[in-house]
Amino acid sequence: MGRKKKQTYIVGTIGIILALIWISPFYLMIVNSLKTKREIFTNTLKLPEKFTLDNYVEAFAQLDFFKTLFNSILITVVAVVVIITFSSMAAYALSRRKGKISSLIFFLFVAAMLIPFQSVMIPLVSIFGKMELLNRFGIILMYLGFGSSLSIFLYHGTLSGISKSLDEAATIDGANRFQVFWYIIFPMLKPITVTVAILNIIWIWNDYLLPSLVINKEGMETIPLKMFFFFGEYTKQWHLALAGLTIAIIPVIIVYFFLQKQIIKGISEGSVK
């Protein structure tokens, strides 16, 4: 009993240390967002002499936050819905049709996760530019292409654990393939769907590189793209940038806080099955 308590204390101590390490960047971001520009460069760890929200007010105004927030929400929500819709259907088809062709297609999707975006971004932007798709619709198609691989992999793992007898029973009752998937199978994929949604929300919400290449019209910028406003050629407004970053991550943290159990459950089901 004493040995178990000792192990518990050791594991707990290690957990606390790791938690402090992971929390430290957020501490620095929030503390320094409450300081003046001069205070940030004098001591980044020290608490500000006087707490003020002036940086948040100014960053909110310079970011044109409500309009920029709408752009980020629109692109993120539509892209995630499209990824979930097409990835779940593709994974269902691949998991139910066993054969060399379906296995090869699934292998190609998995292998695509290893391809870095930087290696294809120039030809991708060039092709989409010729098709006049360097806009919101175009970037959603790009997110579908880059987000499908991991999403199909996770869905495929979960679908492999769902018996085909459900499909056969629904078919006997008169349901077609489309109805079998959307009314019988898809509701059973709720945990992994939440996982896919959160993983893609975090990625798309925080993405800077792809919007910087695709969105070239003023007033359509996402939050990460607009954050670049605080970093000029000769000046860097860290006090405003940190305040803007704090505002930007709040929506994702709120969503993750309410859905964290579903995320853990979905990842474990998708990876094990």
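Helices (H or I, at least four residues) are DSSP runs, numbered from the N terminus. This is a predicted model, where local features need pLDDT of at least 70 and side-chain atom pairs count only at pLDDT 80 or more, while totals for chains, interfaces and linings use all residues. Residues are numbered from 1 along each chain as its sequence is written, and side-chain values use heavy atoms, with hydrogens and water left out.

**Exercise 1.** Find which helix gives the most residues to the lining of the largest cavity.

*Solution.* 
Step 1. Take a cavity as a set of points on a 1 Å grid over the protein atoms alone, where a 1.4 Å probe fits but cannot get out. The count is 1 cavity of 30 Å³ or more.
Step 2. List its lining residues, which have an atom within 4 Å of a point. Among them are Ser72, Ile75, Thr76, Tyr143 and Trp205.
Step 3. Helix 4, helix 7 (136-159) and helix 10 (190-206) each give two or more residues. Helix 4 gives the most, with 3.

**Exercise 2.** Work out how helix 4 and helix 9 are set to each other.

*Solution.* 
Step 1. The axes of helix 4 (residues 65-96) and helix 9 (residues 177-185) come within 12 Å and cross at roughly 110°.
Step 2. The two helices are therefore roughly perpendicular (65 to 115 degrees).
Step 3. Check the contact (heavy atoms within 4.5 Å). Helix 4 brings Thr85, Ser88, Met89, Tyr92 and Arg96. Helix 9 brings Arg177, Val180, Phe181, Trp182 and Ile185.

Key:
Axes are lines fitted to C-alpha atoms, for helices over the stretch in contact, and angles run from 0 to 180 degrees between N-to-C directions. Angles under 35 degrees count as roughly parallel, over 145 as roughly antiparallel, 65 to 115 as roughly perpendicular and the rest as oblique. On a 1 Å grid over the protein atoms alone, a cavity is a set of points where a 1.4 Å probe fits but cannot get out, and a pocket is an open set with protein on both sides within 12 Å along at least five of seven lines; lining residues have an atom within 4 Å of a point. Grid points are joined across faces, edges and corners, and a volume is the space filled by probe spheres set on the points.
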